[in-house]
Amino acid sequence: MTTPIESEEHKALREAVSAFGKRYGREYLTRTVAEGRHPEELWSEAAKLGYLGVNLPEEHGGGGGGIAELSIVLEELGAAGSPLLMLIVSPAICGTVIARFGTEEQKREWLPALSDGSRIMAFGITEPDAGSNSHRITTTARRDPASGDWLLTGRKVFVSGVDFADATLIVGRTEDARTGRLKPCLFIVPRDTPGFQRRPIDMELNAAEKQFELVLDDVRLPADALVGDEDAGLLQLFAGLNPERIMTAAFAIGMGRYALSRAIEYARERTVWKTPIGAHQAIAHPLAQAHIELELARLMMQKAAHLYDAGDDIGAGEAANMAKYAAGEACVKAVDQAVHTLGGNGLTREFGLASLITAARVSRIAPVSREMILNYVSHQTLGLPKSY
């Protein structure tokens, strides 16, 4: 990849994480998936090196950086073949929300532990009947007038890593006393809370982090389980969703870079009729196009991260959606071209690219589909009539 337009500190971070990631690599991640476990060795060492909490406040054990730094960590781990999906969820979404809106007690309890890797937090927003339309979320929270506790009831699907996460940040809805309308609120639900049940979803996607359906059956939580202000609503929610989009872009770019690097290596060495196949434009040009598209996606991701870290939530929202869209498209094309470059070898376990075909599509689908991003840009950016 060409040298990014970034500070010397960011370049140094990129180089350090790249070297660290290569000590684990694709083989390590494949092995942990086969063993059905979380890549805890990688997670633990990343924590000790300060990578997990690089975006969290220094006063709570973090690195004092932002999403720009955390996206570098995830991208470089992905480019080395060993991405950590829970970086998107635990420090980027949950850590950011708690750092921005949590009570002092919540910050003291969770942020140092998220930074040093001793605790992990999952995030639950998607529901069976409320995917892209968060206004249809039916998980509701009501107050117990006798105790002041919260009672949560509802279902969530496609929640990553619940089996090893210490708690899940659940998006529910409470009733506004003034209008009677439901508004989004965020609650910390510890893993072993009575009434909080999980069921694995049978996925064809090979990943260390499993997907779960959650059932909340009158889950009783103390009053201080609510994160932030009950009236903040969407502001708090998108404080986590914009970093999620930026980090998903980083995940996709790293994956695309890894696939592309394997294809380039193969195209240099594979010889047919006494000529490396990479000398032929039919092979070289698609790889060059994939490289260009990954670079362009990274620039938009860097813009989105810069805007978010600067406090421009509105500007960051637009850029984060564009970055996620561009990165998802670039990743799918890079993986497809990498597999095609290797031909039959691209489908073998030896080269480890075939499993990326399915994984790459996730970046088009989650956490928001490319079609919904196009809806967003059409309506919010271009000012066209809303279609939904």
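The following questions and answers cover helices, loops and backbone angles in a predicted model.

Residues are numbered from 1 along each chain as its sequence is written, and side-chain values use heavy atoms, with hydrogens and water left out. Because the model is predicted, local features need pLDDT of at least 70 and side-chain atom pairs count only at pLDDT 80 or more, while totals for chains, interfaces and linings use all residues.

Reader: How many residues of H9 are buried?

Author: Helices (H or I, at least four residues) and strands (E, at least two) are DSSP runs, numbered from the N terminus. Helix H9 covers residues 313-342 and reaches 42 Å from its first C-alpha to its last, close to the 44 Å expected at 1.5 Å a residue; the expected span is 1.5 Å times one less than the number of residues. Buried means under 20% relative accessible area, exposed over 50%, and partly exposed in between (1.4 Å probe, protein chains only). H9 is largely enclosed by the rest of the structure, because the buried residues number 21 of the 30.

Reader: Which residue with a positive phi follows H9?

Author: H9 ends at residue 342. Its phi is near 65 degrees, and the residue that follows H9 is Gly 343.

Reader: Is H8 roughly parallel or antiparallel to H9?

Author: Helix H8 (residues 281-309) packs with H9 at an angle of about 160 degrees, their axes 8 Å apart. Axes are lines fitted to C-alpha atoms, for helices over the stretch in contact, and angles run from 0 to 180 degrees between N-to-C directions. Angles under 35 degrees count as roughly parallel, over 145 as roughly antiparallel, 65 to 115 as roughly perpendicular and the rest as oblique. The angle therefore makes H8, relative to H9, roughly antiparallel.

Reader: Which residues in H6 does H5 meet?

Author: The axes of H5 (residues 86-101) and H6 (residues 104-116) come within 10 Å and cross at roughly 155 degrees. Contact means heavy atoms within 4.5 Å. From H5, Ser 90, Gly 95, Ile 98 and Ala 99 take part, and in H6 they meet Gln 106, Lys 107, Trp 110, Leu 111 and Leu 114.

Reader: How many residues of H4 are buried?

Author: Helix H4 (residues 67-79) has 13 residues and should span 18 Å at 1.5 Å a residue, which agrees with end C-alpha atoms 18 Å apart. H4 is largely enclosed by the rest of the structure, because its buried residues number 13 of the 13.

Reader: Is Asp 218 buried or partly exposed?

Author: Asp 218 is found in strand E7 (residues 211-221). Although it is not a glycine, Asp 218 has a positive phi of about 50 degrees. Its relative accessibility is 37%, so Asp 218 counts as partly exposed.

Reader: What phi does Phe 158 have?

Author: Phe 158 lies in strand E3 (residues 150-160). Phe 158 is not a glycine, yet its phi is positive, at about 55 degrees.

Reader: What separates the C-alpha atoms of Asn 206 and Leu 356?

Author: Asn 206 lies in the loop between strand E6 (196-200) and E7, and is exposed, with a relative accessible area of 58%. Along the chain, Asn 206 and Leu 356 are 150 residues apart, and their C-alpha atoms are separated by 8.9 Å.
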